[in-house]
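Here is a short report on how one protein chain packs. Keep the structure open while you read.

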Amino acid sequence: MHSNMIPEDVDLHIHSRFSDGELEPEEIIDRWASLGYRMIAITDHDGIGGSKKGLEYVRRSGHSICFVTGIEFDSSDELSEEIHILGYNIDLENEALNRTLSKVIEWRNERNRKIFDTIRRLGYSITEEELRAVNGGRFTGKPTFARVLVNRGYFGSIAEVFEKLLETSSEIRSIVKHTLSSEAVVRLIHEAGGAAVMAHPMEQMRRGEDKTAFMSRLKVLMDRLVGYGIDGIECYHPSADSEDASWLADYAEQKGLLVTRGSDFHSDRNKRVY
Ligand SMILES: [Zn+2]
Ligand SMILES: [Zn+2]
């Protein structure tokens with residue numbers, strides 16, 4: 001019923017090398033344009049560098065693709081520790097946005113320092129140079145540490161690093177992630193003139209959680225975001241099968257929200273590492 005609500009030539013969720021993706025913004029635009037996409041957005045984690053570079057490139061190169069500025073914010077709420085919120089059509093020069101992003105980068109740097117020290121204390125001799133080499137130092141997060149540990153041969157894959165170390169070591173888990181509240185993120189995106197969209201709702205499902213129980217919990221969470229003024233739901237995402245997507249689109253329709261589609265592309269090797 002909803003399959004025609006959003007065309008397949010729209011991809012509003014792509015990560016570049018300005019966060020944990022493996023392609024440069026220019027490579028993304030060239031590739032998505034040649035695949036026939038009509039509208040795309042680069043949505044890097046807590047940063048607008050990729051969007052900025054992409055926008056300049058589209059203007060310079062004369063691509064006819066519709067390039068929407070974007071970002072993917074980490075946020076937290078009483079109901080969930082980790083809610084990703086996409087911001088679209090934001091003014092990249094907005095002062096409040098840029099001020100908040102510098103603060104978020106400071107928090108991230110502090111946390112990375114603690115993760116780095118802990119990983120080394122646990123016996124893995126990684127260096128700061130290796131971390132910077134992953135993407136030119138433009139972004140460091142858990143996936144960056146994972147990649148270095150794989151490159152060093154300590155683990156066989158990025159998923160394995162998460163399973164055996166990053167998600168299971170009590171020392172690493174105890175390193176607090178300081179994030180903005182979901183309410184503040186929605187407000188900030190609006191202040192920057194943009195639309196706020198809840199990213200991949202199905203990823204809110206906890207390991208082993210009963211699907212029916214999850215769906216009712218998710219509805220409560222989405223209602224709360226609606227209360228904060230969220231503008232849309234990313235109904236079409238690899239984490240949602242067609243039944244999930246149509247359930248989400250029904251919800252969005254009832255609430256008068258935008259329905260979006262995103263591939264959450266990170267790289268050819270491993271589409272999702274984060
Ligand atoms: Zn996400
Ligand atoms: Zn993402």
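At what angle do helix 5 and helix 6 pack, and how far apart are their axes? Helix 5 (residues 142–151) and helix 6 (residues 158–166) pack at an angle of about 105°, with axes 9 Å apart. Axes here are lines fitted to C-alpha atoms, for helices over the stretch in contact, and angles run from 0 to 180 degrees between N-to-C directions. Helix 5 and helix 6 are therefore roughly perpendicular to each other. That label covers 65 to 115 degrees; under 35 counts as roughly parallel, over 145 as roughly antiparallel, and the rest as oblique. Helices (H or I, at least four residues) and strands (E, at least two) are DSSP runs, numbered from the N terminus.

This is a predicted model: local features need pLDDT of at least 70, side-chain atom pairs count only at pLDDT 80 or more, and totals for chains, interfaces and linings use all residues. Residues are numbered from 1 along each chain as its sequence is written, while chains are lettered from A and ligands numbered from 1 in the order in which they are written.

**Helix pairs**

On the helix 5 side, the contact uses Lys 142, Pro 143, Ala 146, Arg 147, Leu 149 and Val 150. They meet Ile 158, Val 161, Phe 162 and Leu 166 in helix 6. Contact means C-beta atoms, placed from the backbone, within 7 Å. The residues of this contact divide into eight nonpolar, no polar and two charged. Ala, Val, Leu, Ile, Met, Phe, Trp, Tyr, Cys and Pro count as nonpolar, Asp, Glu, Lys and Arg as charged, and the others, Gly among them, as polar.

Helix 1 (residues 25–34) and helix 2 (residues 49–61) pack at about 55°, with axes 8 Å apart. The two are therefore oblique to each other. Pro 25, Glu 26, Ile 28 and Ile 29 in helix 1 meet Gly 50, Lys 53, Gly 54, Tyr 57 and Val 58 in helix 2. This contact of helix 1 with helix 2 has five nonpolar, two polar and two charged residues.

**Cores**

The largest nonpolar core has 47 residues, and Ile 85 and Ile 233 touch the most other members. A nonpolar core is a set of buried Ala, Val, Leu, Ile, Met, Phe, Trp, Tyr and Cys residues joined through C-beta atoms within 7 Å. Helix 10 (residues 242–255) gives the most to this core, with five residues. A second, separate core of 10 residues includes Val 134, Ala 146, Val 148 and Ile 158. Beyond four places in sequence, the contacts of Ile 85 include Phe 73, Val 185 and Met 198.

**Single residues**

A residue is buried if 20 or more other C-beta atoms lie within 10 Å of its own, exposed if 12 or fewer, and partly exposed in between, with C-beta atoms placed from the backbone.

| Residue | C-beta atoms within 10 Å | Class |
|---|---|---|
| Asn 89 | 13 | partly exposed |
| Asp 264 | 23 | buried |
| Ser 34 | 9 | exposed |
| Ile 175 | 15 | partly exposed |

Most residues other than glycine have a negative phi. Asn 89 has a positive phi, near 60°. Asn 89 is in the loop between strand 4 (80–88) and helix 3 (95–121). Asp 264 also has a positive phi near 60°, and is found in the segment after strand 8 (258–261).

Ile 175 lies in the loop between helix 7 (170–173) and strand 5 (180–181). Leaving aside neighbours within four places in sequence, Ile 175 is in contact with Arg 111, Lys 114, Ile 115 and Thr 118.

Technical notes
Contact = placed C-beta atoms within 7 Å.
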